Amino acid sequence: VNHDDTVTVTDWGDATRARIVTFTLDMAIPASLKRFVGAEPLRIKEQQSYEWLEGDTLKILSIPVLQISLAKSLTTRAELLISNSSAGCQIDVTVSINASVPWPLQSTVEALMADQAKQTVG
């Protein structure tokens, strides 16, 4: 993950259909925001889960949590729906982000979070 050789991944839980992935992520953000966030690179603990929906659609849910003091103020949730279509495999991705930070920084922080999510999803 992200060229990080310290990645840890738990096994998928049989009953929970969930696992935890822990990794670091270098973010290309301005120095002022790095000071605000307080960590570089960022350590992330991501809970992933899956379930099969009707029509042979696989739903994967990803909830990454930054391992910093502001973690409760910065939330991201990604949902992937993977299904078959007449053209082949179809993947629909929905990413929700929220930054509960002082309003002058909110749009900037959310935009950076959205950019990082786009890079991660590809």
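Residues are numbered from 1 along each chain as its sequence is written, and side-chain values use heavy atoms, with hydrogens and water left out. As the model is predicted, local features need pLDDT of at least 70 and side-chain atom pairs count only at pLDDT 80 or more, whereas totals for chains, interfaces and linings use all residues.

The protein contains two helices and six strands, arranged along the sequence in the pattern β-β-α-β-β-β-β-α. Helices (H or I, at least four residues) and strands (E, at least two) are DSSP runs, numbered from the N terminus. Of the 122 residues, 29% are buried, where buried denotes under 20% relative accessible area, exposed over 50%, and partly exposed in between (1.4 Å probe, protein chains only). Contacts are defined by heavy atoms within 4.5 Å. Among contacts between residues at least 6 apart in sequence, 32% join residues at least 24 apart.

The six strands form an open sheet in the order S1-S2-S3-S4-S5-S6, with antiparallel pairing. Strand S1 (8-9) and strand S6 (88-99) are the edge strands, each pairing on one side only. Two strands are taken as paired if DSSP finds at least two bridges between them. Strand S4 (residues 57-66) and strand S5 (residues 74-85) pair in the antiparallel sense over five bridges, and Lys59 has Leu81 in S5 as its bridge partner. S5 and S6 also run antiparallel and are joined by twelve bridges. These two strands, S5 and S6, form a hairpin with two residues between them. Asn84 has Cys89 in S6 as its bridge partner, while Ala78 stands opposite Val95 in S6.

The largest nonpolar core has 14 residues, of which Leu66, Ile68, Leu74, Ala99 and Val109 touch the most other members. Strand S2 (18-25), strand S3 (42-53) and helix H2 (103-121) each supply at least two residues of this core. The largest share, three residues, comes from S2. A nonpolar core is a set of buried Ala, Val, Leu, Ile, Met, Phe, Trp, Tyr and Cys residues joined through side-chain atoms within 4.5 Å.

Ser49 lies in strand S3 and counts as buried because its relative accessibility is 19%. With residues up to four places away in sequence not counted, Ser49 touches Trp12, Arg17, Ala18, Lys59, Ile60 and Leu61. One of these residues, Lys59, is the bridge partner of Leu81 in S5.

The accessible surface of the protein comes to about 8,000 Å², of which 53% belongs to carbon and sulfur atoms. Areas come from the Shrake-Rupley method with a 1.4 Å probe; for residues, only the protein chains shown count as cover. Ile91, Val93 and Val95 make a nonpolar surface patch of about 220 Å². Such patches consist of residues with over 30% relative accessible area and no salt bridge, nonpolar side chains (Val, Leu, Ile, Met, Phe, Trp, Tyr) being joined within 5 Å. A salt bridge is a side-chain nitrogen of Lys or Arg within 4 Å of a carboxyl oxygen of Asp or Glu. Val93 is placed in strand S6 and is partly exposed, with a relative accessible area of 36%.

Definitions and conventions. Patch = residues over 30% accessible without salt bridge, like charges linked within 9 Å, V, L, I, M, F, W, Y side chains within 5 Å.
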